[in-house]
Amino acid sequence: LPRVPEYVRHARTVAAALAALPGARVYPEPPHTHQFRLWLPHPAETLNDAALALAEKEKVWFVGGWQETEVPGVSRAEVTVAGPGLEWSAEDVVEVGERFLHVAGSLRD
(Lines give C-alpha, C1' and ligand atoms only; values in the text may rest on other atoms or scores of the structure.)
Protein backbone atom coordinates (compact mmCIF):
# COMPACT_ATOMS: atom_id res chain seq x y z
CA LEU A 1 0.00 0.00 0.00
CA PRO A 2 2.76 2.54 0.73
CA ARG A 3 4.09 2.11 -2.81
CA VAL A 4 0.80 2.85 -4.60
CA PRO A 5 1.66 6.54 -5.22
CA GLU A 6 4.90 5.41 -6.86
CA TYR A 7 2.94 2.89 -8.97
CA VAL A 8 0.52 5.61 -10.06
CA ARG A 9 3.36 7.93 -11.12
CA HIS A 10 5.01 5.16 -13.10
CA ALA A 11 1.70 4.08 -14.66
CA ARG A 12 1.60 7.51 -16.29
CA THR A 13 5.04 6.87 -17.82
CA VAL A 14 4.05 3.41 -19.02
CA ALA A 15 0.71 4.61 -20.44
CA ALA A 16 2.39 7.41 -22.39
CA ALA A 17 4.92 4.95 -23.82
CA LEU A 18 2.20 2.48 -24.80
CA ALA A 19 0.15 5.25 -26.42
CA ALA A 20 3.10 5.81 -28.77
CA LEU A 21 2.76 2.30 -30.24
CA PRO A 22 1.09 2.09 -33.68
CA GLY A 23 -2.69 2.07 -33.33
CA ALA A 24 -2.61 2.05 -29.52
CA ARG A 25 -5.05 3.90 -27.28
CA VAL A 26 -4.96 4.15 -23.51
CA TYR A 27 -7.66 5.25 -21.10
CA PRO A 28 -7.69 7.19 -18.98
CA GLU A 29 -4.86 9.31 -20.21
CA PRO A 30 -3.13 9.98 -17.95
CA PRO A 31 -4.09 7.14 -15.61
CA HIS A 32 -5.65 8.12 -12.28
CA THR A 33 -4.48 4.93 -10.57
CA HIS A 34 -1.86 2.26 -11.21
CA GLN A 35 -4.28 0.59 -13.64
CA PHE A 36 -5.53 1.63 -17.05
CA ARG A 37 -6.90 0.14 -20.27
CA LEU A 38 -5.00 -0.41 -23.49
CA TRP A 39 -6.60 -0.95 -26.91
CA LEU A 40 -4.78 -2.34 -29.94
CA PRO A 41 -6.03 -2.95 -33.49
CA HIS A 42 -5.65 -6.74 -33.48
CA PRO A 43 -7.92 -9.66 -32.58
CA ALA A 44 -7.74 -10.71 -28.92
CA GLU A 45 -6.70 -14.25 -29.75
CA THR A 46 -3.75 -12.97 -31.77
CA LEU A 47 -2.62 -10.66 -28.96
CA ASN A 48 -2.95 -13.38 -26.32
CA ASP A 49 -0.97 -15.76 -28.54
CA ALA A 50 1.67 -13.05 -29.08
CA ALA A 51 1.97 -12.45 -25.32
CA LEU A 52 2.53 -16.15 -24.74
CA ALA A 53 4.98 -16.48 -27.65
CA LEU A 54 7.00 -13.49 -26.43
CA ALA A 55 7.06 -14.90 -22.89
CA GLU A 56 8.21 -18.31 -24.11
CA LYS A 57 10.86 -16.92 -26.44
CA GLU A 58 12.21 -13.96 -24.43
CA LYS A 59 10.99 -14.68 -20.88
CA VAL A 60 9.25 -11.28 -20.90
CA TRP A 61 5.58 -10.81 -20.06
CA PHE A 62 4.14 -7.81 -21.85
CA VAL A 63 0.34 -7.53 -21.55
CA GLY A 64 -2.10 -10.41 -21.46
CA GLY A 65 -5.77 -11.01 -20.87
CA TRP A 66 -6.84 -9.45 -24.16
CA GLN A 67 -10.58 -9.31 -24.84
CA GLU A 68 -12.55 -8.53 -27.96
CA THR A 69 -14.41 -5.23 -28.04
CA GLU A 70 -17.54 -4.13 -29.87
CA VAL A 71 -15.23 -2.75 -32.58
CA PRO A 72 -14.20 -5.59 -34.92
CA GLY A 73 -10.46 -6.20 -34.94
CA VAL A 74 -9.82 -4.06 -31.85
CA SER A 75 -9.05 -5.64 -28.49
CA ARG A 76 -8.49 -4.32 -25.00
CA ALA A 77 -6.57 -5.33 -21.92
CA GLU A 78 -6.17 -4.01 -18.40
CA VAL A 79 -2.64 -2.91 -17.53
CA THR A 80 -1.51 -2.86 -13.91
CA VAL A 81 1.76 -1.22 -12.94
CA ALA A 82 3.18 -2.64 -9.72
CA GLY A 83 6.57 -3.61 -8.26
CA PRO A 84 8.22 -5.33 -11.24
CA GLY A 85 6.87 -2.69 -13.63
CA LEU A 86 8.85 0.01 -11.88
CA GLU A 87 11.99 -1.44 -13.43
CA TRP A 88 10.75 -0.69 -16.96
CA SER A 89 11.65 2.67 -18.48
CA ALA A 90 9.50 4.28 -21.15
CA GLU A 91 12.10 3.15 -23.68
CA ASP A 92 11.85 -0.45 -22.40
CA VAL A 93 8.07 -0.35 -22.75
CA VAL A 94 8.25 0.92 -26.33
CA GLU A 95 10.96 -1.57 -27.29
CA VAL A 96 9.13 -4.59 -25.91
CA GLY A 97 5.81 -3.25 -27.22
CA GLU A 98 7.22 -3.05 -30.72
CA ARG A 99 8.53 -6.63 -30.47
CA PHE A 100 5.13 -7.73 -29.15
CA LEU A 101 3.37 -6.09 -32.11
CA HIS A 102 5.88 -7.68 -34.50
CA VAL A 103 5.04 -11.11 -33.06
CA ALA A 104 1.31 -10.33 -33.30
CA GLY A 105 1.74 -9.26 -36.91
CA SER A 106 3.61 -12.43 -37.79
CA LEU A 107 0.84 -14.54 -36.22
CA ARG A 108 -1.77 -12.81 -38.39
CA ASP A 109 0.15 -13.43 -41.62
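**View 1. Ser 106 lies in helix H3.** This is a predicted model, in which local features need pLDDT of at least 70 and side-chain atom pairs count only at pLDDT 80 or more, while totals for chains, interfaces and linings use all residues. Residues are numbered from 1 along each chain as its sequence is written, and side-chain values use heavy atoms, with hydrogens and water left out. Helices (H or I, at least four residues) and strands (E, at least two) are DSSP runs, numbered from the N terminus. Ser 106 counts as partly exposed because its relative accessibility is 43%, where buried means under 20% relative accessible area, exposed over 50%, and partly exposed in between (1.4 Å probe, protein chains only). Between Ser 106 and Ala 50 there are 8.9 Å in space, C-alpha to C-alpha, although the two are 56 residues apart in sequence.

**View 2. Helix H2 (residues 44-58) packs against helix H3 (residues 90-108) at an angle of about 120 degrees.** The two axes, which are lines fitted to C-alpha atoms over the stretch in contact, with angles running from 0 to 180 degrees between N-to-C directions, are 9 Å apart. Contact means heavy atoms within 4.5 Å, and the residues that meet include Ala 50 and Leu 54 in H2 and Phe 100 and Val 103 in H3. The residues of this contact of H2 with H3 divide into 10 nonpolar, one polar and four charged; here Ala, Val, Leu, Ile, Met, Phe, Trp, Tyr, Cys and Pro count as nonpolar, Asp, Glu, Lys and Arg as charged, and the others, Gly among them, as polar.

**View 3. The axes of H1 and H3 come within 9 Å and cross at roughly 40 degrees.** The contact joins Thr 13, Val 14, Ala 17 and Leu 18 of H1 to Ala 90, Val 93 and Val 94 of H3. By class, the contact of H1 with H3 has six nonpolar residues, one polar and no charged ones.

**View 4. The largest nonpolar core holds 29 residues.** Such a core is a set of buried Ala, Val, Leu, Ile, Met, Phe, Trp, Tyr and Cys residues joined through side-chain atoms within 4.5 Å. Among the members that touch the most others are Leu 18, Phe 62, Trp 66 and Phe 100. Helix H1 (4-19), strand S2 (35-40), H2, strand S4 (75-80) and H3 each supply at least two residues of this core, and the largest share, six residues, comes from H3. Not counting residues up to four places away in sequence, Phe 62 touches several residues, including Leu 18, Leu 54, Trp 88 and Phe 100.
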